[in-house]
Amino acid sequence: MEKKLFLHTADLHLDSALKNLGDAAKAAVRRRELTDTFARMAEYASSNGVSGVIVAGDMFDEGKTSAAAKRQAAEIMKKNGGVTFFLLSGNHDKRAFDDDFTAALPANAMALADGETVDFGSYTVTGVYGGAAVAPLDKDKFNIVVAHGQVDGDIKIRDYAGKNINYLALGHLHAYAKGKIDGRGVWVYSGCPEGRGFDETGEKGFVLFDTFGGEKFVPFCKRRAREVSVDITGLDNYISQVDAARRAVEHMPDGDMFKIVLRGELDEGVAADVAAVREGLGGRFFVRVTDETTIRLDEKRLLAEKSLKGEFFRAVKAAALPPEEKRVILKMGFAALDGTEICDD
């Protein structure tokens, strides 16, 4: 069998609004970068002898995908005419795969039909929708099946066992993952190629696999979304808090997206200065700062103290609430009583 190379991606979410960033200008930049990454992947495929690019669902984002975004995607595929693009719609972009889009696809791109197997001689590609099982495939070919869903949810791996599948290309999970189907085949999530928010942290990219059984994850994202924990225990001024945050990220690329989580214990009357930390990390592409610090309390004193603060502490301590909820209430209440502002991005 001739060796063929494939690029597996999914969950590009092109034209995503990215409202979760809370910054319209940065969201517009990232929206363009999502499309740029698709273009870079297509160019990588063209330059590295890749026969086919598989998009395992959610090429576009939910809601109404703009006609311009669909035209741009089609143009990228057309520009890389030596590569065949296999497209499966997912749970977020079914409406985007309308007649106008599929009609505009270049000759080297195809929208996979449910259950239809396309035969390319040495290999086949089958699209499966809705978690349905696939019919047995030719045991003498390298068989690729493309699906979008959750393993052990709507996708039951046992339904794919014994069907002569070599590679089950999956989308929906936004992180790289893999497992065995049976003695012959594997299932693989490529993950999303770019993290769009801080629920998609870490390295992102695509998967390269071949008809000889090779398979590897290729880091490829333009920016990583990073959640960085910074312990500011005992730091009672903004300068020391900013210094701690700077030390935590000093070896990380400025172009990444950062969620800085301030943790640790602070004395009564001392607050985490979220604004100062955010400004102190200026020059980076995107920084969000959250305050998850707690108050260091002298419980013995507060239980005996005859003051509004003491009364508040005793009332909260006696309340039938989870410990974490009590800590949050005490932090907010003490800040109000001390005249200290608590802010969060």
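Predicted model: local features only at pLDDT ≥ 70, side-chain atom pairs only at ≥ 80, totals over all residues.

Tutor: On your opening question, 64% of the contacts with a separation of 6 or more link residues 24 or more positions apart. The chain has eight helices and 17 strands, and buried residues make up 49% of its 345 residues. As for overall shape, its radius of gyration is 26 Å, whereas a compact globule of 345 residues would be near 20 Å. The C-alpha atoms fill a box of roughly 85 × 40 × 35 Å along the principal axes.

Now for α2 itself. The helix runs over residues 67–79, which makes 13 residues, and spans 18 Å from first C-alpha to last, close to the 18 Å expected at 1.5 Å a residue. Its buried residues are Ala69, Lys70, Ala73, Ala74, Ile76 and Met77. Because they cover an arc of only 155° around the axis, they sit on the same side of α2. Note that a lysine, Lys70, is in that buried set. Turn to the face pointing away from the buried side and you find the exposed residues Arg71, Lys78 and Lys79.

What lies over the buried residues? The cover includes two helices, α1 (24–47) and α3 (99–104), along with the strands β3 (84–88) and β4 (109–111).

Technical notes:
Residues numbered from 1 in each chain as written. Heavy atoms only, no water. Helix = DSSP H or I, 4+ residues; strand = E, 2+ residues; numbered from the N terminus. Expected span 1.5 Å × (residues − 1). Buried < 20%, exposed > 50% of the residue type's maximum accessible area, 1.4 Å probe, protein only. Arc of directions from axis to C-beta. Contact = heavy atoms within 4.5 Å. Rg over C-alpha atoms; globule rule 2.2 N^0.38 Å.
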